[in-house]
Amino acid sequence: MKRIVIVGASAAGLAAAETLRREGYDGTLTLIGDEPPPPYDRPPLSKHVLSGQWDAGMTALRTPEDLAALGLDLRLGVAAAGLDPATRVVRLADGGTVPYDRLVIATGVRPRRLPGDRDAHVLRTLDDALALRERLKPGSRLVVVGAGFLGAEAAAVACRLGVEVILLEPAPVPLAHAVGKEVGMVLSQVHRDHGVHLCTGVTVTEVTERGVLLADGELVEADEVLVAVGSLPNTDWLGGSGLPVADGVLCDEFCRAVPNVYAAGDVARWHNPLFGTPMRIEHRTNAAEQGMAAARNLLHPETCKPFAPVPYFWSDQYDMRIQAYGYLRGHDEVAVMEGDLSERRFVAAYRTGETLTGVLAVGMPPKAIRPWRQAIATGTPWRAVLATDPL
């Protein structure tokens, strides 16, 4: 094996590259990224960068010296445009080609768009964050379309900057599909208490020069519009390749899509044997962990190990820290195990079937939630969660 190619130069791709070198691979290692900057961290974009607390340089995942030490064939500012697994060649948007013996796909996701939103803001790249930050002036009005975690974080930052914020969400309760109705209502009220105009049950049909148009014909005027209505995995470049693609690159429990091709990070939909279901996780921690797992399995296919993590994510909104372990979507029941919803300091456990599958904490120290990870990993029965302290 003389050449490994990684397409995607963010957290998952960088973690894969570092793992390959750490595991002893000394052949050619090509890292392809569609953005010109070296690998940088994305979670701070909607928090520290947007607020002005960080400058662009502070988001770098590694120093130039650290990157140089990896001995990479670094191809930045050029996107992958096609893949031919038969000849093992990646085609680039500039017309070039890169051959490979084995390949890691870590191309991440891109924001969903709305009709007419060409001039609206999205928040995925460093340039996106810097452009929006420049426009958030005290007294201006920002409409945020979508009250998921990304939209909520941006709304919280803008509110603190003295911007009038209108947060629009089509669901009756933001995030209820993921965290449950009761918890979703608690998180929503925090925004209202800080002066955000949160409107639920409304659908935006179009972005206009004056603001956004709702399904009932109402125009919500805005100086700036941020569209945060989810994302799409970057798999278009794989069209015609024969790779299995359906809301991400489909992989087995080893992060393998087809022989010699693996995927990691936001773009990968893999079978997580711990939960017995396919999942695609758009969280920073998972990207790094999956990048490492894919690299090890690629390098040592004869001793490959299933990637079976307990996913973890966090969100900072105002002075509130939200943390979660597990897989909360599709849950059947939520129970508050510690604290009180009304005080916004609590730990909530989530049941799917007869098993503990997730836990979420708000306003609690890390030690309050960290032990629950093991309880999820071991498949603790729900009756044990309710009857005793599983920790």
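Guide: Rings of Phe, Tyr and Trp (its six-membered ring) are taken as a pair if their centres lie within 6.5 Å; planes under 30 degrees apart count as stacked, over 60 as edge-to-face, and the rest as tilted. By that definition the structure holds 5 aromatic pairs. The model is a predicted one, in which local features need pLDDT of at least 70 and side-chain atom pairs count only at pLDDT 80 or more, while totals for chains, interfaces and linings use all residues. Residues are numbered from 1 along each chain as its sequence is written, and side-chain values use heavy atoms, with hydrogens and water left out.

One of the pairs is formed by F275 and Y327, whose ring centres are 6.2 Å apart; the planes stand at 55°, so this pair is tilted. It links distant parts of the chain, 52 residues apart: F275 is in the loop between β20 (268-272) and β21 (277-279), and Y327 is in the loop between β23 (320-326) and β24 (333-340). The strands named here, like the helices, are DSSP runs numbered from the N terminus (helices are H or I with at least four residues, strands are E with at least two). Y327 has a relative accessible area of 22% and is therefore partly exposed; buried means under 20%, exposed over 50%, and partly exposed in between, with a 1.4 Å probe and protein chains only.

A tilted pair is also formed by Y312 and Y325, at 4.8 Å centre to centre and with 45° between the planes. Because Y312 lies in strand β22 (residues 312-317) and Y325 in strand β23, this pair ties together parts that are 13 residues apart in sequence. Y312 and Y325 are both buried. Together with W314, these two tyrosines form one aromatic cluster.

Strand β22 also contains S315. This serine has a relative accessibility of 0%, so S315 counts as buried. Its side chain is joined to that of E153 by a polar contact of 2.7 Å. A polar contact is a pair of N or O atoms within 3.5 Å; within protein, one must be able to donate a hydrogen and the other to accept it, and residues adjacent in sequence count only if both atoms are side-chain atoms. If neighbours within four places in sequence are left aside, S315 is in contact (heavy atoms within 4.5 Å) with F149, E153, M320, R321 and I322.

The wider setting includes nonpolar cores, each a set of buried Ala, Val, Leu, Ile, Met, Phe, Trp, Tyr and Cys residues joined through side-chain atoms within 4.5 Å. In soluble globular proteins, nonpolar side chains tend to be buried together. The largest core here has 71 residues, of which L20, V90, L103, I105 and V249 touch the most other members. Beyond its neighbours within four places in sequence, I105 has contacts that include V7, W237, L243 and V267. A second, separate core has 43 residues, among them A155, C159, Y318 and L360.

Burial also marks helix α4 (residues 126-135), where L126, D128, A129 and L132 are the buried residues. Viewed down the axis of α4, these fall within an arc of 160°, so they line one face of the helix; the arc is that of the directions from the helix axis to the C-beta atoms. They pack against α2 (48-51), β9 (141-145) and β15 (224-227). On the other side of α4, D127 and E134 are exposed.
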